[in-house]
Amino acid sequence: MTDAESGADGIDTSRPQSARMYDYFLDGKDNYPVDWKAAEQVMSFFPDVKEMARVNRDFMHRAARVLARRGIRQFLDIGTGIPTEPNLHQIVQKITPAARVVYADNDPIVLRHAEALLRSTPEGRTAYIQADAREPEKILAAAEDTLDFAQPIALSMVALLHLVADEDDPYRIVAELLRPLAPGSCLALSHATGDFDPEAWERVVEVYRKGGTSAQVRSRGEFSRFFDGLELLDPGIELAALWHPGSGEQHGRGAQIPLYAGVARKP
């Protein structure tokens, strides 16, 4: 890698990166020509990918509000991505100012913007962990500095697990993250699926894999397995746009976006 390809902050601009592509889909500014090229390839196979990014972001907001209103005061958000306001802590601290939020991501560009994730209310607290989702022990050990594991915690892994291939055993990762959490803790997930257009999603997955990201879409049944042993909150597993839609919310194309979502409680 040349100096031009990797800055002093460790950001590799020689190949596309999923967080920067997602930022591009959200019309953000923290992306590079290599990301634009890969993102536009994805758009050629699945033109609604920008709408998918918006639907996913909206689901995260709604899930966070639902959990905060149910009394959850602690959140562990893995696969945070580049900060896009409102961030999770801004959502939940508006409801519960004393809420504590720990973010985790492994991308140097997210670390560069982590200051935006640390602007907590005076009553609450936020923290950032530089770690890969495939390192659950590292994440849990670091999160203990901020979160009280004797009290319920909401584990959020939104639009993350379709970037973890089967060979990395995502079901084990989720189970290990949930194991030390207190009863009453919750799991919030969203996940892309090829159920409705498998050929297009094979091509999308190949774009990510060629860029070095181990993408893998999953069926509804495969997605459901992440919630084994948990109690799904209403309405259960749904397409993300249809999970607790806001009053009078217009679904538009969002209702057809192939993104499953669900939130469940640890008994």
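## A tour of salt bridges and cores

Start by selecting Glu51, which is buried at a relative accessible area of 13%; buried means under 20% relative accessible area, exposed over 50% and partly exposed in between, using a 1.4 Å probe and protein chains only. Before moving on, note that this is a predicted model, where local features need pLDDT of at least 70, side-chain atom pairs count only at pLDDT 80 or more, and totals for chains, interfaces and linings use all residues. Residues are numbered from 1 along each chain as its sequence is written, and side-chain values use heavy atoms, with hydrogens and water left out.

Glu51 makes a salt bridge with Arg54, with the closest N and O atoms 2.6 Å apart; the term covers a side-chain nitrogen of Lys or Arg within 4 Å of a carboxyl oxygen of Asp or Glu. Both residues sit in helix α3 (residues 49-69), three residues apart, or about one turn of the helix. Helices (H or I, at least four residues) and strands (E, at least two) are DSSP runs, numbered from the N terminus. Arg54 is partly exposed, at 33% relative accessibility. Bring in Asp58 as well: Glu51, Arg54 and Asp58 are linked in a network of salt bridges.

Next, pick Asp166 and Arg218, whose closest N and O atoms are 3.0 Å apart in a salt bridge. This pair links distant parts of the chain: Asp166 is in the loop between β4 (154-158) and α7 (170-178), while Arg218, 52 residues apart from it, is in the loop between α8 (198-210) and α9 (220-224). Colour by accessibility here: Arg218 is buried, at 2% relative accessible area, whereas Asp166 is partly exposed at 42%.

Time to look inside. Which residues have the most contacts inside the largest nonpolar core? They are Phe25, Phe75 and Val92, in a core of 54 residues. The largest share of this core, 11 residues, comes from α3. A nonpolar core here is a set of buried Ala, Val, Leu, Ile, Met, Phe, Trp, Tyr and Cys residues joined through side-chain atoms within 4.5 Å.

Zoom in on Phe25. Leaving aside residues up to four places away in sequence, Phe25 touches Ala39, Val42, Met43, Val49, Lys50, Ala53 and Tyr208, contact meaning heavy atoms within 4.5 Å.

For the last stop, select Ile153, Ile173, Leu177 and Leu181, which are among the 35 residues of another core, lying apart from the largest one.
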